[in-house]
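Visitor: I have a protein structure open and would like to go through it. Can you take my questions one at a time?

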Amino acid sequence: MGKILIIDDSDSIRATIETILRELDYEVISVENGKEALKALETTGPVSLMITDIFMPEMDGIEVIEQTKSIYPDTKIIAISAGGMGIKGQEMLEIASSLGAQKVVNKPFSNEDITSAVATVLKS
């Protein structure tokens, strides 16, 4: 089915997405920030899909999207955010879209929101 890389600094959100996707038989790699994501990509090579939070320590989702797209331009991306750091999450999700995220999902989200987004993006 292909590998999916999940990047989120919230242990509970990362675990939730990972559980949802593993139940659907996806191979999942899960990391807590952008720096770890880039290290994972160096090790594993390209992934079928990357799901990244926007606001994270170490390296935010916008930087991860930019760097991933420069190395693996065909990587499909879903950006997720609840907002933070004085900037509205929706504005940052729009930036993520302009940088190549095929889909954006606002937190909080349902299991169906994630499964639907993944199915849509992987079919595109």
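This is a predicted model: local features need pLDDT of at least 70, side-chain atom pairs count only at pLDDT 80 or more; totals for chains, interfaces and linings use all residues.

Visitor: How many helices and strands are in the protein chain?

Guide: The protein chain has 5 helices and 5 strands. Both kinds are DSSP runs numbered from the N terminus: helices are H or I with at least four residues, strands are E with at least two.

Visitor: In what order do the elements run from the N terminus?

Guide: They run β-α-β-α-β-α-β-α-β-α.

Visitor: What share of the residues is buried?

Guide: Buried residues are 45% of the 124. Buried means under 20% relative accessible area, exposed means over 50%, and partly exposed is in between (1.4 Å probe, protein chains only).

Visitor: Which residues touch the most other members of the largest nonpolar core?

Guide: Leu 5, Ile 7, Met 50, Ile 54, Ala 79 and Ala 96 do, in a core of 23 residues. The elements giving two or more residues to this core are β1 (3-7), β2 (27-31), α2 (34-44), α3 (61-71), β4 (76-81) and α4 (89-98). With 4 residues, α2 gives the most to this core. A nonpolar core is a set of buried Ala, Val, Leu, Ile, Met, Phe, Trp, Tyr and Cys residues joined through side-chain atoms within 4.5 Å.

Visitor: Which residues does the second core include?

Guide: That separate core has 16 residues, including Ile 4, Ile 17, Tyr 26 and Ile 114.

Visitor: Back to Ala 79: what is it in contact with, apart from neighbours within four places in sequence?

Guide: Among the contacts of Ala 79 are Thr 52, Ile 54, Ile 65, Leu 93 and Ala 96. The list also includes Lys 103, Val 104 and Val 105. Contact means heavy atoms within 4.5 Å.

Visitor: New topic. Where is the cis peptide bond?

Guide: The cis bond joins Lys 107 and Pro 108, with omega about -5°. Pro 108 is in the loop between β5 (103-106) and α5 (111-123).

Visitor: What is the phi of Asp 25?

Guide: Asp 25 has a positive phi of about 70°, although it is not a glycine. Its place is the loop between α1 (11-23) and β2.

Visitor: Is Asp 25 buried or exposed?

Guide: Asp 25 counts as exposed because its relative accessibility is 63%.

Visitor: And what about Glu 58?

Guide: Glu 58 is not a glycine either, and has a positive phi of about 75°. Glu 58 sits in the loop between β3 (49-53) and α3, and is exposed at a relative accessible area of 53%.

Visitor: Last one. Where is Ala 82?

Guide: Ala 82 is in the loop between β4 and α4. Ala 82 is exposed, with a relative accessible area of 58%.

Technical notes. Residues are numbered from 1 along each chain as its sequence is written. Side-chain values use heavy atoms; hydrogens and water are left out.
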